[in-house]
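Biologist: I'm new to this one, so could you put it on the screen and walk me through some of its helices and charged pairs?

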Amino acid sequence: MTGPTYEATADLITLPGTPLADAVVNLIRPVETPSVFNHSIRSYLFARLVAGRLGLAAGHDYQDDLLFAACAMHDLGVASDGPHNQRFEVEGADRAASFLSDRGIPAADADQVWQAIALHTSPGIAERRGTLCVLVREGVALDFGNPLDANHLDAVTDEQADALHAAYPRLDMSRSLTDAIVEQAAKDPKNAPRHTVPGELLRERMTFGRTRLEHTCRSSRWGN
């Protein structure tokens, strides 16, 4: 079974356009680099394509507003205005859940978003925590060109990828995002526990000058 295909460019890159989605964009755009902002939005667009490939329908199998919120805010932990006092995934999850709660989103929905953001770097765990966690992790991974399920690369045609990247250019995403994570991690030992993504990125950058993540992205389908 397959879900909808996004044939028209307008359909492919259209964001939810709801008051909540607009508020999320207004929150993240001023405090993230253009590269990280574009990565966050592309992660949602890729996640939506993966949902279609899996036969998952918005409004039935997942809430599109929550998917957008979780993808768009998944790197809020490296935002320039953050407290930067815990690992970036948790900090971003806390900020996102608080933001949603302040706007009247039910606690159970805010918690779903919290889990999806906090676990997006946790293979083997996110996949067991529900549809939203799966879609966020897959969307983020697909934007790195290395989806958890290699077959999901086929969820995006070259034409779709070109249109998506034209709307939200990559802007050397792997370096920009790694820079942001490493900078946040270096501010406090609590931000970079060993064997976590921020801890390993900080260690690799300090030891080798370049991380495996950057190297992997350079050789991925998208090239950075």
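Modeller: We can take a pair of helices, then the salt bridges, then the core and a helix crossing. This is a predicted model, in which local features need pLDDT of at least 70 and side-chain atom pairs count only at pLDDT 80 or more, while totals for chains, interfaces and linings use all residues. Residues are numbered from 1 along each chain as its sequence is written, and side-chain values use heavy atoms, with hydrogens and water left out.

Biologist: Okay, how far apart are the end C-alpha atoms of helix 9?

Modeller: They are 18 Å apart, which agrees with the 18 Å that the 13 residues of helix 9 (residues 173-185) should span at 1.5 Å a residue. The expected span is 1.5 Å times one less than the number of residues, and helices here are DSSP runs of H or I with at least four residues, numbered from the N terminus.

Biologist: And is helix 9 mostly covered or mostly open?

Modeller: Mostly covered, since 10 of its 13 residues are buried, where buried means under 20% relative accessible area, exposed means over 50%, and partly exposed lies in between (1.4 Å probe, protein chains only). Among the buried ones are M173, L177, I181 and V182.

Biologist: What covers them?

Modeller: The cover includes helix 3 (34-53), helix 5 (88-102), helix 7 (131-143), helix 10 (197-208) and helix 11 (212-218), with contact meaning heavy atoms within 4.5 Å. Helix 10 in turn has buried residues, including P198, L201 and L202, and what covers the buried residues of helix 10 includes helix 5, helix 9 and helix 11.

Biologist: Switching to charges, how many salt bridges are there in the whole structure?

Modeller: The search finds 15, counting a side-chain nitrogen of Lys or Arg within 4 Å of a carboxyl oxygen of Asp or Glu. One of them joins R205 and D179, at 2.9 Å from N to O, and this pair links distant parts of the chain, with R205 in helix 10 and D179 in helix 9, 26 residues apart.

Biologist: Is D179 buried, exposed or partly exposed?

Modeller: D179 counts as partly exposed because its relative accessibility is 27%. D179 and R205 also belong to a network of salt bridges that links them with D172, R175, E214 and R218.

Biologist: Which residue does E200 pair with?

Modeller: E200 forms a salt bridge with R194, the closest N and O atoms being 3.0 Å apart. E200 is buried, at 14% relative accessibility, whereas R194 is exposed, at 52%. In another salt bridge, R212 and E204 meet at 2.7 Å, N to O; there R212 is exposed at 56%, and E204 is buried at 4%.

Biologist: New topic: in the largest nonpolar core, which residues touch the most other members?

Modeller: Those are L67, M73 and L100, out of 68 residues, and the largest share of this core, 10 residues, comes from helix 3. Such a core is a set of buried Ala, Val, Leu, Ile, Met, Phe, Trp, Tyr and Cys residues joined through side-chain atoms within 4.5 Å. Leaving aside neighbours within four places in sequence, the contacts of M73 include V24, L27, F99 and L100.

Biologist: Last one, at what angle do helix 6 and helix 7 cross?

Modeller: The axes of helix 6 (residues 107-118) and helix 7 cross at roughly 40° and come within 9 Å. The axes are lines fitted to C-alpha atoms over the stretch in contact, with angles running from 0 to 180 degrees between N-to-C directions. Where these helices meet, Q112, V113, Q115 and A116 in helix 6 face L132, C133 and V136 in helix 7 as contacts.

Definitions and conventions:
Helix = DSSP H or I, 4+ residues; strand = E, 2+ residues; numbered from the N terminus.
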